[in-house]
Amino acid sequence: MKMITRRGLFLLILIVGFLGCLGFLTYSLIADGRDWAMQPYNSSVYYNGELTAAGTITDCDGEILAQTVDSKRVYNEDKNIRKATLHTVGEAGFISTGVQNVFEAKLTGYNVLTGIYNAMGDKSNDMELTIDADVCATAYKALKNYKAGCVGVVNYKTGDLVCMVSTPTYDIENKPSDINDEDNEEYQGVYINRLLSGLYTPGSTFKIVTAICAIENIDDIYDRTFTCEGEYDAGGTPIECNAYHGKITFEEALAKSCNSAFAQIAIELGPEKLAATAKQLGLTTPVTVSGDIESSTGRFFLEKGDANDYVGWTGIGQGDTLVSPVAMLRLVSAIANDGKAVSFNVVDSLANKAGKALDLDFTRRETQLLSAETADAIGKLMRNNVKEQYGDYNYEGLNLCAKSGTAQIDSVDSHNTAWFVGFMDDDKNPYAFVVVVEYGNSGSQTAGPIANKVLQALVND
C-alpha cells in the first residue's frame, strides 16, 4: 500500500511538473514567439539579412517602396526615392525605427498559432504608408549638400506624416562597403532617423516656448517694451544679440528674434515656470508614431537655475536644453490645431494578399498641449514673423506661420544648427513642418528655403 502511495505521489509530481513546463512554454510562446520567429537566422523570414517574407510597402499614392521579388527584397527604381525613404522604410537589423523593423511581424503575417506558416502559400501582408515619396525626394535633394539634417511634415488635423527624411542616408540597393568605418565622417550616425532620434540645441525656436510661458504668466506682456543694446548682461557671460534693436515690443522681439528681450523675459519668468511650460508642451516627453515607434526624450536642465545668465541663455534656446525635432513638430502642430496635438502616424493601412484590411492596433488620440486662446495668440505672432521678418514673398502662397532658430554649437558660424519650424494657416493644406540642418549656419537662410521647397512640392505638385 505504501509502494502504491509513493508511486502515486511521484506520478503526481511528474504531472504537476509537466503542466508547469507546458504552461511556461505556452506563456513563452505567446510572449516571445514573435521575437523567436523574427530572428535573422530564420531562413523562412530572412535571406542574407533581408526581410524576404515581408509584403509590399507603398507610399500614399501607391508608389512601391519595397517588395519581395523572386525571394529577394527590392526597392523603388528611383535612387533619390530609395535614399529619401530609407529611414522610414528601414533596413532589417540596422534602422531600428524603420517600419520593416518595427512592423516586421505584421508585414510577414506572423500570428501566435501558426507563426509565419501558411499551407495556402504567401502569408505576408502589404502596408501603405502616409508619406509621399516624391515630396520626400524633394526634401532629400534639398538636404543632401549639407552634413546632416532632417525634414518632417505632418497633417496637423489627422497626424499623418507626409514627409520624413533624415540625412546622411545611403542607397539600400548599393550599400557602401565603408559605411561602418568609424573614420568615415560621411556616414556618421547614418542609421539614426534624426527626425525621431536626434536631440538638438533648439536655438531661437525655443523662444516659442518662452513666448507661450510669457503669454500665460505675464498679464501685460503685450504692453511691455524692452531695451536691446546689442547684448544683455545678466551677470556672468553677457548674452549677445543679433543686432542693436533699441526699444522693442514683445511682438517685435519675437519677429526679430531679439536675444536681449527674451533673456529678460526668461529671467522674469524664472526656471520653474519655463520648465513647467516645456513639460506641458511635450518637449521633455517622447513622441510616439503609429503606436510603436518612439522618439528620443528631450531634456530641460535646472541644475544651474539660480544663475540669471543661465536662465537667460536657456530662455533663448541655448543653455543645456536639447529637443527632438519631432517633439518640436508636435508643438507647432498643436499651435495650428487650437492647441490640440493629434497622435502621429506613418502607417495608413495594412491588408493581406486577398485585399482584406487588417487591424493596425493603433488608436488616434488628441492631447491638449496648450489652450486654444494661447495657441491663437502664438500663431498670430508666428504669422507676424513671416510677414515682417522672413517675407511672404519667400514663401509664396503658403500663408506661413514660422520661427527660425540658429543654435550656436561653437564659435564658428558655419557649425551652427539651423532650424525652421511652423505651419501653414490653410484649411485646405493643414501642414506643419520642421527642418533641421547640422552645420547649417542660419535658420532663416538655410532651413527656411528647404521648408519652402518641400511645402511648394507638397501643395503644388
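Me: What makes residues such as Thr 288 and Arg 330 part of the lining of the second largest pocket?

Reply: In this predicted model, a residue counts as lining when one of its atoms is within 4 Å of a pocket point. The second largest pocket has 18 such residues, and Thr 288, Arg 330, Ser 343, Phe 344 and Thr 367 are the ones nearest its centre. Helix 11 (271-280) and strand 15 (340-342) each give two or more residues to this lining.

Me: How do you know which element gives the most to the lining of the largest pocket?

Reply: Counting residues by element puts strand 18 on top, with 4 residues. Helix 14 (372-390) and helix 15 (443-460) also supply at least two each. The pocket itself has a volume of about 620 Å³, and its lining divides into 5 nonpolar, 17 polar and 5 charged residues.

Me: And why is a space called a cavity and not a pocket?

Reply: Good one! A 1.4 Å probe fits in a cavity but cannot get out, whereas a pocket is open, so the way out decides the name. The structure holds 2 cavities of 30 Å³ or more, and the largest cavity has a volume of about 50 Å³. Among the residues lining that cavity are Leu 65, Tyr 75 and Gly 90.

Technical notes
Residues numbered from 1 in each chain as written. Predicted model: local features only at pLDDT ≥ 70, side-chain atom pairs only at ≥ 80, totals over all residues. Heavy atoms only, no water. 1 Å grid on protein atoms, 1.4 Å probe; cavity = no way out; pocket = protein on both sides within 12 Å on 5 of 7 lines; lining within 4 Å. Points joined across faces, edges and corners; volume = space filled by probe spheres on them. Nonpolar A, V, L, I, M, F, W, Y, C, P; charged D, E, K, R; others polar.
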